[in-house]
Amino acid sequence: MQTIDQFNFAGKKAFVRVDFNVPLDPEFVITDDTRIRAALPTLKKILADGGSVIIGSHLGRPKKNPEPKYSMKHILAHVSKLIGVEVQFAEDCMGEDAKAKAAVLKPGEVLMLENLRFYAEEEGKARGLADDASDDEKATAKKAVKESQKQFTKNLAALADVYVNDAFGTAHRAHASTALIAKEFATENKMFGYLMQAEVDSVEKVLKAPVKPVTAVIGGSKVSSKITVIENLLDKVDNLIICGGMAFTFAKAQGGKIGTSLCEDDMQELALTILAKAKANGVNIVLPVDALCADKFAPDAATQVCVSGQIPDGWMGMDAGPETRVLFAKTIEASKTILWNGPAGVFEFDAFAGGSKALAQSIANATKAGAFSLVGGGDSVACVNKFGLVNDVSYVSTGGGALLEMIEGRVLPGVEAIRGF
Ligand code: AMP
């Protein structure tokens, strides 16, 4: 497999698929440019080698071409500032403007294409169907877009000599620019960018041959959204810490009283199956032993600490209790590989952020003592940011859905397209 480090981009035009799907305020000002910054090492390496860059990305969820509010133009100035090069713009991601500008692109220059998702072909999904379209009409429209997707992909590929995928955030999508396009390039001319490589390496460090003991911390609100993640981890980890709102479904399933805590009644059976499977696999499941409870879901609620399974009526578990924090810390600090996805409580309210903060601090302590720690999934990343611990863990993933799918054991189309399997 080609790697970006080995490749010399001198005189080459690189199509770089990035994930510049950044949040914008109503005045189109970028409110968080993390995703742009994350791709800078790749873009700068290509330019430093004497190559040129063609940036392809999506922004928002456009339903047609063009939809001005989703134009990549809104981020052009900021991207130029961050790269330190005046970035050119193609009004369309293909067609004459893109072709002409790409053709004359010189070493050190950067061209940004208009939003790839202005074309239905990027995602390969039919658009604009009437609500009452028949199944036949839907099938015909889908077939048509799949057919024109082939040409769309070829047109994109024809702009460049080399393909670099640095869009981990969309690597779980089999879209034209994230996966299909790779087939248009020879093995030696396609590769991951630095971000993509680091993301894939860090997940594999946890899931494939990790240094033991391995601890996964899975929290957040719902068991249902993390079921496949938990099931896949049961074959891979030594300890599985279950925390946050989802722990109450486990507590209730075991016969505990949980008051008005979050609970998915239809998941209780599954919770018991998970516990049984963990036991059979020799996985140590660590559940909270106490909870910081509130009399209402509010930042200024009255609070009390309750033993797990003994929460009075009218009270809800909002955060890990003090004994739980100590228990979690002991397990985490004895681990050599740690994965964290999902908060231990309603960390958005300061009164209930203590459990997640203690958790993040334990992970930071373990990391300092030599463990490898991977933090991923929107809310855990928000936690390490909030607690100022972002530089005290080994790797903070930029991918939400893509990361979860990798932890679920799935092969991502964007990864497979480069590596082949
Ligand atoms: P998820 O999106 O499933 O990862 O869940 C993240 C959300 O879970 C955050 O918004 C937390 O506020 C929420 N959460 C964590 N613990 C609890 C809890 N005990 N009760 C209600 N919500 C919780």
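The following questions and answers walk through a predicted model, taking a helix pair, the ligand and some backbone features in turn.

Biologist: How are helix 10 and helix 11 oriented to each other?

Modeller: The axes of helix 10, residues 322–333, and helix 11, residues 354–368, come within 9 Å and cross at roughly 20°. Angles under 35 degrees count as roughly parallel. Helix 10 and helix 11 are therefore roughly parallel to each other.

Biologist: Which residue has a side-chain N or O atom 2.5 Å from an oxygen atom of the ligand?

Modeller: The ligand is surrounded by 15 residues, and the closest are S221, G245, G317, E348 and D379. A polar backbone atom of G245 lies 3.1 Å from a nitrogen atom of the ligand, and a polar side-chain atom of K226 is 3.1 Å from a ligand oxygen atom. The residue with a side-chain N or O atom at 2.5 Å from an oxygen atom of the ligand is E348.

Biologist: What is omega for the cis peptide bond that joins N65 and P66?

Modeller: P66 is placed in the loop between strand 2 (52–56) and helix 2 (73–83). Another cis peptide bond runs from K212 to P213, with omega near -5°. For the cis bond joining N65 and P66, omega is about -10°.

Note on methods:
Residues are numbered from 1 along each chain as its sequence is written. This is a predicted model: local features need pLDDT of at least 70, side-chain atom pairs count only at pLDDT 80 or more; totals for chains, interfaces and linings use all residues. Side-chain values use heavy atoms; hydrogens and water are left out. Axes are lines fitted to C-alpha atoms, for helices over the stretch in contact, and angles run from 0 to 180 degrees between N-to-C directions. Helices (H or I, at least four residues) and strands (E, at least two) are DSSP runs, numbered from the N terminus. Angles under 35 degrees count as roughly parallel, over 145 as roughly antiparallel, 65 to 115 as roughly perpendicular and the rest as oblique. A residue is near a molecule or strand if one of its heavy atoms lies within 4 Å of it. A polar contact is a pair of N or O atoms within 3.5 Å; within protein, one must be able to donate a hydrogen and the other to accept it, and residues adjacent in sequence count only if both atoms are side-chain atoms.
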